[in-house]
Structure formats: C-alpha cells, structure tokens
Amino acid sequence: MKKNFLITILLFISVTGLADSLEHGFIDPPVSARPKGYWVWTNGNFNLPKMTEELKEFKDKGMGGVDIWDVAGWVDENKVVPAGPPFMGDESVQAIAQAIRVAGELGLEMGLTISSSWNAGGSWVAPEQGVMGLFRSQIEVVGPAEVDMPLQFPELPDVQSQNDRLASLIKRGEDGLPTAFQDVAVLAMIDKQHLSSKDIIDITANLQNGRLQWAAPRGKWLITRYVATGTGQPLMRPSPNSNGLMIDHFSAEATRAHMMFFIDKLQAELGDLSKTALKYFYTDSYEANSAAWTPTLQQEFSRRNGYELTLYLPVLDGRTVISKEVSERFLFDYKKVLSDLIIENHYRLATEICGQYGLGFRAEAGGPGPPVHNCPFESLKSLGVCSVPRGEFWYEHPRGEQHMNELQIVKGPASAAHLYGQPQVEAEAFTSLWMWQRGPGDLKEVADKAMCEGLSRFVYHTSPHIPAEAGLPGWIYNFGTIINTTRAWWPLSRAFHDYLGRCCFMLQQGHFIGDVLFYYGDQAPNFVQPKHIPESLGYGYDYDVCNSDIILNRLDVVDGKLVLPHGQTYEILVLPNQPAISPDVLEKLAILAEKGAVIVGSKPERSHSLRDWKQKDQRVRALADQLWGGRVKQFGAGRIYSSQTSLRQVLLEKGVSSDVQILGLSDQTAVDFIHRRTEEADIYFLRNTTTAPLDADAVFRVFNRVPEIWNPETAAMQRLNLYVQRNDGVELPLRLPALGSCFIVFRGRQSVQVVNVDVADAALFPAPELEAPRHFGILNDYFYAWEKGQYELLFAEGMPMRIDASTVESSQLVSGPWQVRFPFGWGAPTRVEFPELISWTDHANDGIKYFSGVAEYHNAFSLAPFTEAPPVVLDLGNVSKVARVWVNGHEAGTVWHPPYCIDITDSVRPGQNYLMIEVANVWNNQLVGDARLPDEFKRTKTNITRGPNPWMTPWKDVPLIESGLMGPVELRFGQRVRIK
C-alpha cells in the first residue's frame with residue numbers, strides 16, 4: 001500500500017456537525033478571509049456586461065473581492081490591445097462606479113489602485129507635486145577673484161530608467177527651465193574628497209536670479225549649485241491614455257491633493273463612499289527613481305535634528321565632511337528624515353484622509369529595498385500606519401537558470417500587523433512570469449510557506465478583466481500567475497479558493513504566538529528579512545521583528561512578559577548586533593528590564609545621530625555599563641544577557657520550552673508552523689516542507705486542551721483521540737503527505753483518550769523510532785484501520801480494547817475503457833474512448849493532444865453488498881491539474897494537488913456505481929497547438945505571442961504540459977469501529 005496514501009487518507013474522512021463561530025468560519029469563510037485579485041483592466045479597457053459577469057463568477061467560485069488596476073500590458077507584439085479611455089476620466093469613473101455597485105450587490109469587497117499602473121500619480125499631478133530630486137551643476141573658480149557670472153542650471157534627465165523605457169515628463173517654460181524648482185544651496189569647496197569645515201563656504205545668498213556675485217578667497221574653488229526640481233518621474237506602466245507624474249511621496253500637500261482627487265471624483269458618482277463596496281484605496285510598491293528631496297526638506301531636517309544640512313550636502317555626493325564618523329552620522333539623520341517624511345506625509349496621512357470618508361488605505365509599504373527598489377523608509381512603521389499592511393511574494397522567481405519561491409515581503413508585514421494590532425496580513429501573491437502555465441497544486445507549497453510566515457489574506461497577481469472582444473484566454477498584463485474567469489481550470493477552482501479562505505480565516509483569529517522579539521535597529525531604510533531559523537534559537541520557536549517606535553511607545557512588561565496594548569506578548573527581546581543605539585531606546589530598555597524584561601544583545605558603544613553626539617555617546621556608554629556585565633546581569637526584576645548567549649538557552653532558563661517539537665526526525669525543519677491563540681483555542685497551521693510523506697510524533701506546548709485535526713481542503717474537523725499529555729505539552733502522531741498541510745486545533749472539548757496502540761504486540765505510539773507508516777487512525781471516537789490486523793487500544797482511563805480488523809478489503813483498480821467527453825468547438829472529438837489512461841499530450845489525435853479546458857471521464861465500478869458502507873477513498877493517481885469527482889450523481893469533491901485522494905464513503909452503494917471525473921488542465925497546450933495553425937483556424941486570442949518556458953519562446957516551440965487523468969484510479973477500503 002502506498003505510504004503517501006496511508007498518511008493522507010485520514011485527512012479526507014468526512015465529519016458532520018457544527019458548533020461555534022470558529023467552526024462556522026472555517027467551513028464557510030467570510031469575505032474578509034477569502035482571496036482577492038488584481039482585476040487588471042489592460043490598457044484601460046473594460047466591458048460593462050463582462051465586468052458584471054466576472055464579478056458574479058468571482059463570488060460563485062469563492063473569492064472575496066478584487067482591486068481594480070488600470071495598467072498597460074508589457075507585451076503586445078502584434079498590437080492587438082486597443083487603447084482604452086483615460087484612467088479616472090468620466091468614462092473610467094463611471095465604469096469603476098458601476099463595478100463598485102455590482103460588487104456591493106454581490107457582497108464582494110472592492111479596492112482601487114490610485115494610479116494607472118504604479119505607484120501613485122496621474123495626469124492631474126502638478127509639476128510642483130511630482131517626484132523631486134536634488135541636481136547639481138559645477139564650475140571651477142580660482143581666487144582671489146571677483147566672481148560675477150551665471151551659474152548653469154543642472155542638467156536634468158530625459159529618461160527615468162536604465163533601459164530608457166520611461167520618458168521624463170519634466171514641464172519646462174519658455175526659458176527651457178522647469179516650471180517648478182528651488183535653489184537649495186550654492187557651496188564653494190576645495191575640490192578634494194575629504195573636506196574640513198574650513199574647506200566649505202556657503203555662498204547661497206550670493207546667487208540672485210541664477211547669477212553669482214562673490215569675492216572668491218585665494219585658492220581653487222569648486223562652485224556647486226544644488227537645485228531641487230521635479231525629476232519628471234512618470235508612472236511605471238500606465239495605460240496609453242493615462243500617463244502622468246508620480247507624486248512626491250514626501251509631501252503632505254501632494255498626498256492630500258492626490259487622495260482628494262479620487263475621493264471627489266468617486267463621491268460625485270457614488271455619494272457616501274462608506275456605504276459602498278469600495279473598502280480602500282491601494283498603492284503598489286514604491287519604485288520612484290532618484291527621489292531624494294521635497295520642498296520642505298531643509299526646514300524639516302533642521303526642525304527634527306537641531307542643525308542645518310547645507311554644509312553637509314557634499315556628503316550626498318560621496319565626499320567626507322569633517323570626518324568619516326561625522327559624515328556617517330549626518331547620513332543617518334538625513335535618511336531618517338526621509339523615512340519619517342514619507343511615513344507621516346504619505347502613508348499615515350493617506351490612511352487618515354481615507355478614514356474620514358469611511359475607507360481604508362492599504363499599501364505595499366514594506367519594500368523590497370535596495371538593490372531591488374529605492375525604498376527610503378523604515379518598513380515596519382510605514383506598514384504599521386496603514387489600515388492593513390500588504391506585502392508581496394513571487395512564485396518561482398527567476399534568478400538566472402534557477403527558480404526560487406522567494407518570499408520577498410511577508411514576514412515584515414506580518415510583524416507589523418502583530419505589533420500594531422492590524423486585523424489582516426495581505427500580500428500580492430504568486431507574482432511570476434508563468435501566466436497560464438501552472439495549476440493550483442503548483443502554487444500550494446509557496447502559499448503554505450507564506451502562511452507560515454504570517455500571511456492571512458491573498459491578493460492574486462493577477463485576475464485580469466477580459467472584455468468579450470479579447471477572446472480566450474484574452475488580453476493580460478503579462479507578469480503574474482493568471483487566476484481569472486478565463487483560466488482553463490477556473491470552472492474547478494472553487495476548492496482552491498476555499499482552501500486559502502479557510503486557512504486565512506483561521507490565521508486571522510486571536511494573537512500570534514511568538515516567543516522572541518528581534519529589534520532591527522533605528523536606521524532607515526530598514527527591512528525585515530524572510531522568515532528563517534536563527535542558529536542561536538533553533539527549531540521550535542517563532543518570532544517577530546520590531547522597531548524603535550514599538551519599543552518607545554507601545555512595549556511594556558507584565559509578569560515577566562513583553563506586552564503590547566492589544567494583548568500581543570513575547571518572552572524575550574533580542575537586540576541587533578550593532579555598536580550604535582538610540583539613547584532614548586536604551587533608556588526605555590532599562591525601564592523594561594527593571595520591570596522584569598529579559599533582553600539579549602551586545603553592549604552598545606555609541607549613538608547614531610550627529611546632533612549632540614558626544615553627549616549622547618556618553619549617555620549610551622554610562623547606561624550600557626549599568627545594564628551589561630558578563631554572560632548575564634540582573635537589572636531590577638529583569639536580566640540582560642550578552643549576545644554570545646544562546647537564545648534557546650535563555651528561553652529554557654526562563655522556563656519556556658519549544659512551541660513545537662518533532663520527534664524522531666533528523667531534521668525538524670521538515671515541519672514548518674505558525675501558532676495563534678484565542679481565549680478558547682490554540683491554532684497551529686503545519687506544513688510538510690519536503691516532497692516525501694511525513695510520519696512522526698509532535699509535541700505542542702499546550703496544556704489542558706484536547707487536540708483536533710482540521711482539514712482546510714475539505715472543512716473536516718476531527719477529534720484526535722490518540723495523544724499523551726507531557727510536562728512540556730501534548731504529544732500526538734503527525735501525518736502529512738508530501739508538501740501537505742493541516743491545522744491542529746486544541747480546545748477544551750472532552751474526548752476519549754487513547755495513549756497507546758499495539759499491533760501484533762508492537763507499540764506504534766509514542767515510539768519515536770517509528771519508520772513504517774501507521775496504517776490506522778483514531779478520530780472522533782472511531783478507530784479506522786486501513787490494513788488487516790489485530791489492534792489493542794490502551795486508554796487513559798478504563799480497560800484496553802481489542803479490535804479485529806480482519807475484514808479490511810484489498811484495494812480495487814478502476815480499469816478501462818474510459819469514456820471521455822470534450823467540449824464542442826475546441827478541436828477534440830466530443831466523445832472518445834480511452835482504453836487506458838494516458839496524458840492528452842500522448843494521444844494521436846491533435847485535437848486532444850493540444851486541448852486545454854475541462855473534459856469528463858466516465859466509468860463504473862461494482863461493490864459487494866453491504867449494510868453500512870465501509871470507509872472508501874478514491875485515489876486518482878496522477879492528475880494534471882484539477883479533478884472534480886462525481887459518484888452516482890453526487891458531487892464528492894475536488895482535488896487539486898497530490899495525492900489526489902477523495903473520500904467517497906457517503907456516495908457509494910452496493911452493486912454498480914457510476915463514476916464521472918471532470919479534469920482541467922492549463923492553457924499552454926492549446927496556445928502551442930494554435931501557434932502551429934493558420935490564423936483562420938486558431939481558437940485562442942491573446943496579446944501574448946511567446947511563452948515563459950523557456951522565456952520568450954514562440955508558442956509553437958514551447959513544450960507541452962502533461963494533461964488529464966493518468967491514474968491509476970483505485971478504490972481503497974478501510975474498517976471503522978466505535979471505541980468506548
């Protein structure tokens with residue numbers, strides 16, 4: 001018997017009965033947990049009847065809403081996609097309003113991306129409110145001399161990217177100069193790399209109307225004119241009639257004007273926005289090029305730091321002023337001001353403005369930072385001020401010839417949500433170059449990984465709107481994993497959306513359980529790295545990352561735990577391995593330690609900032625001497641450990657054991673997890689990170705609660721009767737198929753507890769050395785056997801129970817021939833017989849070989865007479881990509897990833913049983929086949945003429961993808977016995 005089947009089968013046994021709101025939400029997740037999609041209006045095109053049809057389909061298939069995204073397609077070699085109306089013009093606004101009305105009728109959530117493409121901006125943005133940069137012109141002067149000459153205006157960029165695809169939109173007057181600019185400073189300096197204060201003279205006041213009048217002292221002087229003006233940064237990929245400036249994100253004036261433009265336009269069409277399905281505005285990742293200035297920067301810098309930045313401007317050119325240390329301290333202050341300005345004047349202000357009109361504001365405010373994007377912010381704070389933080393992750397991110405499931409921005413938004421008490425953790429999901437090439441099962445591994453990092457709401461990248469004239473699969477923005485109504489497997493997609501919705505509902509409950517809080521320092525920009533296991537901590541503990549704002553303004557200590565106002569707690573605080581720290585942060589750490597906090601980290605030596613830096617350094621050293629000493633030092637009710645101390649040892653000394661232990665495995669990281677807790681339940685989401693079935697014993701740090709296994713694929717909720725309460729938690733058998741996942745939920749329900757099972761006098765539990773698959777399970781007070789044998793159950797209370805499982809039947813092959821039906825009009829015969837199961841791509845008929853869509857497999861099988869049906873599981877063997885099973889006219893369920901097993905116990909009957917299996921594949925094969933045909937015979941239409949595998953290969957040369965039901969199809973039988 002296949003091990004993968006043995007380990008999987010108990011996950012697919014059905015259960016009935018409802019109880020509390022947690023169970024109801026798990027069975028039928030609310031809209032707030034269901035996945036959404038970027039509803040791409042390619043080139044600004046839309047079709048009102050088709051929009052309504054799509055929204056109904058999104059609702060019917062289990063999605064929770066969409067974000068409207070007007071954007072140009074990246075690829076359109078044959079120029080098939082027309083230019084739609086301007087984004088936020090009258091026609092566009094009316095279409096957006098209509099979509100919002102329909103979404104409201106359907107109970108869907110709607111978001112709106114506030115630009116055509118990204119990040120924020122449009123044709124309505126005034127030059128003085130666009131992205132600004134600091135530009136320079138230079139001339140050499142030899143003194144002594146009376147200088148009376150014009151200073152050249154700096155040269156400005158004509159393009160805004162390294163590949164010249166973004167033309168600058170600088171607006172110039174008749175004199176050729178920008179219509180909006182600001183002379184920041186004119187400095188005369190000795191032309192050398194390392195400058196003393198005497199080597200720099202501020203001669204800004206000597207510049208009048210572009211002309212410099214100055215008595216130059218003796219020497220060779222480099223005159224630098226610094227000018228702030230718009231960079232002409234356009235939107236990144238606007239639809240053809242929608243280009244415009246990207247806004248100055250550091251400017252409150254620019255943010256306010258931009259937000260009110262949208263609010264005013266939409267209110268005129270919809271009225272009170274708080275009463276509509278529009279729930280939020282959204283901005284994508286910050287990708288402005290060379291943005292380093294804003295009109296108020298000099299004043300804000302002086303106000304926040306207590307000194308002027310003018311004489312330090314050469315540091316921005318790569319020079320050293322006074323000393324390397326002084327220059328580094330200035331750069332720290334400068335970058336900190338930029339971070340604070342974009343957070344306060346864009347992310348926080350936008351959230352406040354939206355809130356006044358009953359809307360939220362969501363943004364990808366977590367990076368990624370350099371070298372990918374020039375994001376200037378401290379990401380936890382920028383995420384924390386939004387209504388809901390949104391991250392991003394790719395599916396099979398291309399890195400040369402290697403593909404990586406890289407979670408660029410998930411742990412950061414998750415930490416921000418945990419720290420600031422935000423209700424959800426969203427992410428742009430499955431960004432890729434694969435378009436239509438993958439099925440939902442291909443996406444499961446990275447989806448589960450993201451959820452173990454803290455994700456609790458998926459936003460598909462992308463779910464394009466396909467106007468009727470676009471055909472199938474239609475016009476798309478070619479980046480992304482396409483999940484929309486024209487997907488070949490869309491008709492069978494409900495199970496995938498439900499899976500993500502159930503998982504996300506559970507992961508939105510209660511509080512995250514993390515024992516360690518890592519402080520990532522006070523510098524900006526600053527970004528959280530993907531989830532990993534620090535060597536000093538080891539497996540079994542989870543963590544969050546925090547910033548200075550949390551430490552200074554929200555973190556407290558109660559009963560030895562670090563606590564936040566909304567109830568989130570941690571056991572220890574870990575400092576970064578940095579020599580510098582903010583004196584204010586260090587003083588707060590002393591307060592926390594005195595109240596009982598446990599802190600681990602290296603002893604700081606100095607401060608960061610240039611302002612009063614010598615006095616601040618003395619404060620840091622004096623307080624550090626009080627706090628640190630040897631391996632560990634008692635301070636008040638708390639303890640300070642040196643950075644050399646093992647974090648695991650610190651936790652154990654505090655009496656905190658691992659939250660999860662996996663027994664009997666050489667590599668415990670085979671099981672990834674995340675833990676949340678409500679007042680009534682402990683909720684663990686677990687995933688098998690390996691491509692082999694997993695059978696081990698697990699210990700969970702839970703006490704006085706009973707374990708249950710909840711399957712997010714079927715909504716089955718089952719009590720686990722086989723477990724042992726230990727001093728460090730509950731031990732139970734854990735079985736997961738390859739890349740499988742489940743929830744283990746601990747609640748206060750009473751159940752019959754089995755502590756051991758003997759099979760042929762050999763104990764199978766809790767022996768950690770077990771290698772063979774367990775061929776039994778005990779769920780909901782029933783014993784399930786899947787192989788013949790004699791079993792003895794030992795209970796926590798009462799006498800043992802013997803079970804004779806000698807009636808378990810052998811598996812039964814469902815053999816051919818199979819009657820297969822294909823839809824009319826797509827080249828394949830509507831009815832064909834398959835003597836045996838093969839991939840469609842191996843069929844001699846080209847219509848079948850190149851078919852993409854849904855086909856039906858029909859067959860029958862016989863069962864011996866029975867009074868009560870034994871447990872019966874249908875194992876489909878190999879499927880590509882999704883299958884929905886019907887038995888005797890009853891829908892048994894949908895399977896979308898290996899192992900393709902489904903419980904059909906409630907659908908079978910003695911004697912003849914009729915089996916119908918719908919199978920869907922991906923668009924690849926039809927696109928390949930059509931590419932080899934004359935245009936008049938092609939059935940597909942799209943702007944994408946090349947495939948991604950290999951990248952930019954003409955469709956006719958792209959490899960076919962195995963498709964259909966390959967089997968073998970088998971029936972597997974068990975025996976069920978009530979215990980106690």
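Which residues of S39 lie on one side and which on the other, and are they buried or exposed? To find out, select strand S39, residues 741-747, in this predicted model. On one side are Ser741, Phe743, Val745 and Arg747, and on the other are Cys742, Ile744 and Phe746; all are buried, and both faces of S39 are covered. The strand as a whole is mostly covered, with 7 of its 7 residues buried. In a regular strand, side chains alternate between the two faces of the sheet.

Strand S33, residues 682-688, runs antiparallel to S39 and is joined to S39 by 6 bridges. Within this pairing, arginine 687 has serine 741 of S39 as its bridge partner.

Now move to the barrel. Select strands S1, S2, S3, S12, S14, S15, S18 and S19: in the order S1-S2-S3-S12-S14-S15-S18-S19 they form a closed barrel of 8 strands with parallel pairing. On average, neighbouring strands of this sheet are turned by 25° against each other, direction ignored.

Isoleucine 68 has leucine 112 in S3 as its bridge partner.

Finally, display two helices. Helix H8, residues 324-356, lies across strands S12 (278-283) and S14 (360-363), and runs at about 150° to S14. Helix H12, residues 494-507, packs on the sheet and touches strands S18 (426-431) and S19 (457-460). The direction of H12 makes about 145° with that of S19.

Methods:
Residues numbered from 1 in each chain as written. Predicted model: local features only at pLDDT ≥ 70, side-chain atom pairs only at ≥ 80, totals over all residues. Heavy atoms only, no water. Pairing = 2+ DSSP bridges. Helix = DSSP H or I, 4+ residues; strand = E, 2+ residues; numbered from the N terminus. Axes fitted to C-alpha atoms, helices over the stretch in contact; angles between N-to-C directions. Contact = heavy atoms within 4.5 Å. Buried < 20%, exposed > 50% of the residue type's maximum accessible area, 1.4 Å probe, protein only.
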